[in-house]
Protein chains: 2
Amino acid sequence: MLHLDERHLLGALDELAVIGAIEGGGCARLALTDEDRAGRDLVVGWMNALGLDVRIDAIGNVIGVRAGQENLAPVMTGSHIDTVRTGGRYDGNYGVLAGLEVVRALNAAGIVTRRPVAVAFFTNEEGARFQPDMLGSLVYAGGLDLNEAYAAADKDGHSVGDELRRIGYVGPAEPGALRPHAFVELHIEQGPILDEEKVQIGVVESVQGISWTEYTVTGVSNHAGTTPMRLRRDAGYLAASVNVFARKLAREMGGNQVATVGALTLRPNLINVVPNRAVFTVDLRNTDEAKLKDAEARVAAHIAEVAAAERVDVEASVLARFEPVIFDAGLVDRVERHARALSLSTRRMPSGAGHDAQMMQRICPTSMIFVPSVAGLSHNVREHTDAADLAAGAQVLLNLMLELAEE
Amino acid sequence: MLHLDERHLLGALDELAVIGAIEGGGCARLALTDEDRAGRDLVVGWMNALGLDVRIDAIGNVIGVRAGQENLAPVMTGSHIDTVRTGGRYDGNYGVLAGLEVVRALNAAGIVTRRPVAVAFFTNEEGARFQPDMLGSLVYAGGLDLNEAYAAADKDGHSVGDELRRIGYVGPAEPGALRPHAFVELHIEQGPILDEEKVQIGVVESVQGISWTEYTVTGVSNHAGTTPMRLRRDAGYLAASVNVFARKLAREMGGNQVATVGALTLRPNLINVVPNRAVFTVDLRNTDEAKLKDAEARVAAHIAEVAAAERVDVEASVLARFEPVIFDAGLVDRVERHARALSLSTRRMPSGAGHDAQMMQRICPTSMIFVPSVAGLSHNVREHTDAADLAAGAQVLLNLMLELAEE
């Protein structure tokens, strides 16, 4: 069996983490900043050193291609190297650098695969600076017009197009020109399940559909002492009631349904005044579109019922809505098979977070490999995955890509 | 029957409302500011013009005394003329100026009552600038040491003592030196009950006890997509659960029990992150101390239960705790009798807000007369009471004081 060089992978992760390093061991490399450019330059240098044909496309996606014996559709892996403002060192970077280790192993063994092998990193996966997130892979998969993507601006008014030009990453390639035979993304779980269950490899079957709604509730501000309960029109009460209902709903629906009230602001927010305004969000996710729609409908019905009883007005604003993505069943099976062949424990699971792979599934068979995140921490400088787990995931990736590249 | 001059009362309310007038028809006369001094000077001038013996005490309480036939304990009325930052024109002022109209009516009729009649306004009732609220009447009733009261400072570090000296209202009288035969305070309801039920006079039997607690909840911040419901330690969920529980508790307990979650702040307060911190307040009030204690215990038990299930830590900090005040039963009956004698509709009720009268009950038989607040609005520039209701309340005060002053 061809072995992946674990020590080289860990060294590369350390080296990339120096760029944009922040206190606590994390990274801040927001998309298209100087730090992102420095990270890109480093990884492109590594691609060149590995003998890859580096292709940069018009939205700044970078693909390093290793030629095969035949000019067939390549087997592609990849992820992203941008981070959130207080990011860890594994989210995204791990998948990209493990892909380069796959190439290094092939080079070292002098293997020329039947199909080309490609390693990509996509622009602005995090969405921490520019919306939408997964912007580069979305453009790559034909889901977003290039000019629309260029126009996306950060909060200071800097656009993706201007910033791409500024850092020198508007390439000549057409996004999506290289249509993969298969795409496999290796990533940390960013959730606690594998760590909690002491499972080594997550076999990712799907990405949860996401429904984000912001509600603005208008009630009547009244004295907390002099206003009888029956006369109250408490905007905060509705928000609280939705939080409690959402928890109950998720528990009742079970499966992969999750529901979160993460943000809430009350006005006037005083101890002795009934709130006349509440703005809060509901985040619903499920891997099953029908169930997600059901959850949305039940939350809406609860809100309507409480709003009528409390005599408050509620305005809903949909902030995001994505249908679930189901990965290629055959490719998912093969992730599981290769992990088991290495005597690694596995667990089938959905991804609760979004990934570039979900965009690639639009244009080719796609799957993902998850490795554990200690305590589920991610988007946090304390994000951590044990070296043995990093090595195990990369070896699964290598074995699967080798098989795909020979077919 | 001696008639109270409604037009003069309304004119005086208008004239006082000019001082510190703010947009929308309200007033901003925070305690011991230049505006408060101007208001005090105006009312003291009116007291002098009415021939009252004006006595200013060491905490700035002002009492205008009209001599009686005998040197007995006086019948006293009064309230306050300080306001909150966005106050109305009736809260407090109405009771003070109606008291002056009682004197004017006695003067006009040439009546010399058996007992002296006194009209007071107390320092810093609102507590909007200096804590505690009802500071002047609390000192008057012996509940707060004078030097402690002087040391109370506003958020800019200005003390009550310094500000009293600055505006020239440290008087020679000893607070509480004049011990009334009875104290009757006329006030707007500041709640919606009388307005909603179309009742003219509120016969105030008691002031609700108040229990204010701030809770700080510490959970764990996690990804809203990747964290299964069973692994969450959601600080915001506990806060929501307490809000819903408090509503249910107040409904179940019925009577005068009210419960409010008025303030809540989540951290990090993001749509897709389980909150790791929630700071929220619970305001519980009841006229029955045993019931208030029961409500406190049930909220605490609910919090303990949810905190254990959610595996979050909760710290409680008591911000305020006052026992209910029960007014003198005989004097309460007499408010009702005098209102009915004028063919006014009445309703017995507690006060949900605090008033100077609750301090005076410590040293003499006390009661209160409420008139309707349109829509229950108070501490609001739109605070309003119809002229007919203002006149009716003042007439009840006049008749009751006249009776008390002859005994």
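Predicted model: local features only at pLDDT ≥ 70, side-chain atom pairs only at ≥ 80, totals over all residues.

Me: Which residue of chain A forms a salt bridge with Arg247(B), and how far apart are the closest N and O atoms?
Reply: A salt bridge requires a side-chain nitrogen of Lys or Arg within 4 Å of a carboxyl oxygen of Asp or Glu. Arg247(B) meets this rule, with the closest N and O atoms 2.7 Å apart, and its partner is Glu310(A).

Me: How many residue pairs are in polar contact across the interface of chain B and chain A, and which element of chain B gives the most residues to that side?
Reply: The rule finds 12 residue pairs in polar contact, both residues being at pLDDT 80 or more. Several elements of chain B each supply at least two residues to the side that touches chain A, including helix H7 (193-197), helix H8 (235-253) and strand E14 (277-286). With 9 residues, the element that gives the most is H8(B).

Me: How is the side of chain B that touches chain A made up by class?
Reply: The contact takes 56 residues from chain B and 56 residues from chain A. On the side of chain B, the classes are 25 nonpolar, 20 polar and 11 charged residues.

Me: What area is buried between chain B and chain A, and which residues of chain B lose the most?
Reply: The buried area is about 4500 Å², and carbon and sulfur atoms give 58% of it. On the chain B side, three residues together account for 18% of what is buried there: Met229(B), Arg247(B) and Ile271(B).

Me: Within chain A, how far apart are the centres of domain 1 and domain 2?
Reply: Chain A is divided into domain 1 (6-207 + 325-405) and domain 2 (209-322). Their contact takes 6 residues from domain 1 of chain A and 4 residues from domain 2 of chain A. Taken over C-alpha atoms, the separation of the two centres is 36 Å.

Me: How many salt bridges are counted between domain 1 of chain A and domain 2 of chain A?
Reply: The side of domain 1 of chain A that touches domain 2 of chain A has 4 nonpolar, 2 polar and no charged residues. Across this interface, 2 residue pairs are in polar contact. The count of salt bridges is 0.

Me: Is Asn61(A) buried or exposed?
Reply: Asn61(A) is placed in the loop between strand E3 (53-56) and strand E4 (62-66) of chain A. Beyond four places in sequence, it touches residues among them Phe121(A), Phe122(A) and Tyr140(A). Its side chain reaches the backbone oxygen of Gly136(A) at 3.0 Å. Because its relative accessible area is 0% and the limit is under 20%, Asn61(A) is buried.

Me: How far is Leu13(A) from Tyr94(A) in space, C-alpha to C-alpha?
Reply: Leu13(A) lies in helix H1 (residues 6-17) of chain A, and at 3% relative accessibility it counts as buried. Its contacts outside the four neighbouring places include Tyr90(A), Tyr94(A) and Leu390(A). Although Leu13(A) and Tyr94(A) are 81 residues apart in sequence, the C-alpha separation is 7.0 Å.

Me: How many residues apart in sequence are the parts tied together by Arg347(B) and Glu197(B)?
Reply: The side chains of Arg347(B) and Glu197(B) meet in a salt bridge at 2.7 Å, N to O. Arg347(B) lies in strand E17 (residues 346-351) of chain B and Glu197(B) in helix H7 of chain B, so the separation in sequence of the parts they tie together is 150 residues.

Key. Residues numbered from 1 in each chain as written. Chains lettered and ligands numbered in written order. Heavy atoms only, no water. Domains from an automatic or database assignment. Contact = heavy atoms within 4.5 Å. Polar contact = N/O pair within 3.5 Å; in protein donor to acceptor, adjacent residues only side chain to side chain. Nonpolar A, V, L, I, M, F, W, Y, C, P; charged D, E, K, R; others polar. Helix = DSSP H or I, 4+ residues; strand = E, 2+ residues; numbered from the N terminus. Buried < 20%, exposed > 50% of the residue type's maximum accessible area, 1.4 Å probe, protein only. Buried area = accessible area lost by both parts, 1.4 Å probe.
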